[in-house]
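Have the viewer ready, and follow along as we go from the sheets to the ligand shell.

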Amino acid sequence: MKIRNPRTGEYDYEISPADADEVAEVARSLRAAQPQWGARPPEERADILRRWADAVEAHRQPLFEALRTDTGRALIAAIEVDGLPATIRRWADIAPGLIAAHSNADVQLANPTVTNSTRLVPYTLFGAISPWNFPIVLSTIDAIPALAAGCAALIKPSEVTPRFIAPLRETIAKVPELESVLALIEGDAETGQALVANVDYVCFTGSVATGRKVAEAAARAFIPANLELGGKDPMLILASADPEHAAKTALRASVVATGQACQSIERIYVARDIYQAFLDVLVREAEAVSLNYPDIDSGEIGPFIFAPQADKVAQHIDAAREAGACILTGGTVETLGGGKYLRPTVIADATADMAVVREETFGPVLPVIPFDTVDEAVAAANDSDYGLSAAVVAGTAEEAEAVGIRLEAGAISINDGSMTSMVWDAENESFKLSGMGPSRMGDSGLLRFFRKQALIRQNAEPATIAGFSEENLR
Ligand code: NAD
């Protein structure tokens, strides 16, 4: 399978997608190694994971170069690569204490002769299927706590961005105890389907359409499916907000990573009193943003990683223009050196029926809509199939929070935007079509990988069948 380079448009890399037999074989081998891994004390697993973090650091350069090519951007690639050892160490530090806190021995139950011990039993084989927008973060974010919990882990990254897999495998090979319980496989949709058929718990990050298919397959396989899907995050800017500050915040939260982030701000509702002032700053600031072309070490916006995404974004913009919206800046996908780019695109006079307001756009596009009352803004924000996250900006945090709790979304940024990309310890669960299952952030990120097993001890003579004789009623 030939892989496109997002900066040159050339197909300069190849993978051999694992077929169903290969996936089953890898799964068998991981399963065979898991009992020993799961039986290790949590501290021992944590120490092994720390050695993996060291190996990632020692291998930073090849990982960084591969990810930079996969994604066509340098700074975020560096952040992803450097974030990996930090995330591994974070879970290594937290997991043993959390496991101890949620296990207990010989607790007296309501029945005076009975005590109980709670054991946390990890799922045997965890599987991850991940998208192309943050390839390293999203293929490891769930696997690391799963490993810390004692599961074996099988990861299938996106076929759009597979170059980082080879150098990441090399880091795993440096830690033999880990190598037997952690594997990455290259492949596409079929490989993903085979993964679902072979694991005991699947975490899927990607689109709603594929998430539905994964959930259906998981239901047939009778395994839990944790789904992290798309979003259409609204930002509400109340009349008390400072328009300058709000516009700069909205711009960053919308266009960072070329808007290719699930938690990007994709619709902005602004109080009419400050609408014009807000738009003026937004356009000025948007026009100061530049592409990382031709020099990857300059500018703020990289190419679209997945070429068909650029076409979809262009369709959203064109349809809005044709329906009467006003493109104040940006608006045209440019092909430069074979890569596809879009400058920040500010759309005024957008309306609720436009695709750019309803559907996930996944590009640096900011439709801005004025509102007269807060009730109207809340209703517009909630008029969506999605409920990933949202943001409210106001003069005070209290005012923003009072509006934030009325929004149907799993995480609300107060006086900022897209904060779930920066904060990893705040538990949140997606609403509506944006996902299903426990939070990947916070303690639940680890605890979801256990089943609780009760060891219920009878400390007196067990009851006999005689105690259930009908005659006892007399
Ligand atoms: P996608 O759904 O097209 O693909 C995701 C993964 O699923 C890929 O690895 C793909 O090979 C695999 N796949 C495809 N069909 C499959 C099938 N039938 N069975 C099993 N696996 C299959 O998503 P994408 O285009 O790579 O990523 C973009 C989407 O991801 C956006 O919608 C974005 O919002 C979402 N996303 C969500 C989060 C989150 O945390 N909620 C984070 C990042 C991205």
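Two strands count as paired if DSSP finds at least two bridges between them. Strands (E, at least two residues) and helices (H or I, at least four) are DSSP runs, numbered from the N terminus. The model is predicted, so to speak of local features pLDDT must be at least 70, and side-chain atom pairs count only at pLDDT 80 or more, while totals for chains, interfaces and linings use all residues. Residues are numbered from 1 along each chain as its sequence is written, and side-chain values use heavy atoms, with hydrogens and water left out.

Let us begin with the open sheet of 3 strands, ordered S3-S4-S22 with antiparallel pairing. Strand S3 (104–108) and strand S22 (450–458) are at the edges with a single partner strand each, so one side of each has no neighbour in the sheet. Neighbouring strands here are turned by 25° against each other on average, direction ignored; the axes are lines fitted to C-alpha atoms, and angles between N-to-C directions run from 0 to 180 degrees. S3 is joined to strand S4 (residues 114–122) by 3 bridges, and Gln-108 has Thr-115 as its bridge partner in S4.

Another open sheet has 7 strands in the order S12-S15-S16-S11-S10-S18-S19, and its pairing is mixed. At its edges stand strand S12 (326–329) and strand S19 (411–414); each has a single partner strand, so one side of each is left without a neighbour in the sheet. S12 and strand S15 (residues 345–348) run antiparallel, joined by 3 bridges, and Cys-326 is partnered by Ala-348 in S15.

The table lists polar contacts, meaning pairs of N or O atoms within 3.5 Å.

| Side chain | Distance to a ligand oxygen atom |
|---|---|
| Lys-156 | 3.0 Å |
| Ser-207 | 2.7 Å |
| Arg-440 | 3.2 Å |

On its own the ligand has 860 Å² of accessible area, of which the protein covers 89% (Shrake-Rupley method, 1.4 Å probe).

Note on methods
Polar contact = N/O pair within 3.5 Å; in protein donor to acceptor, adjacent residues only side chain to side chain.
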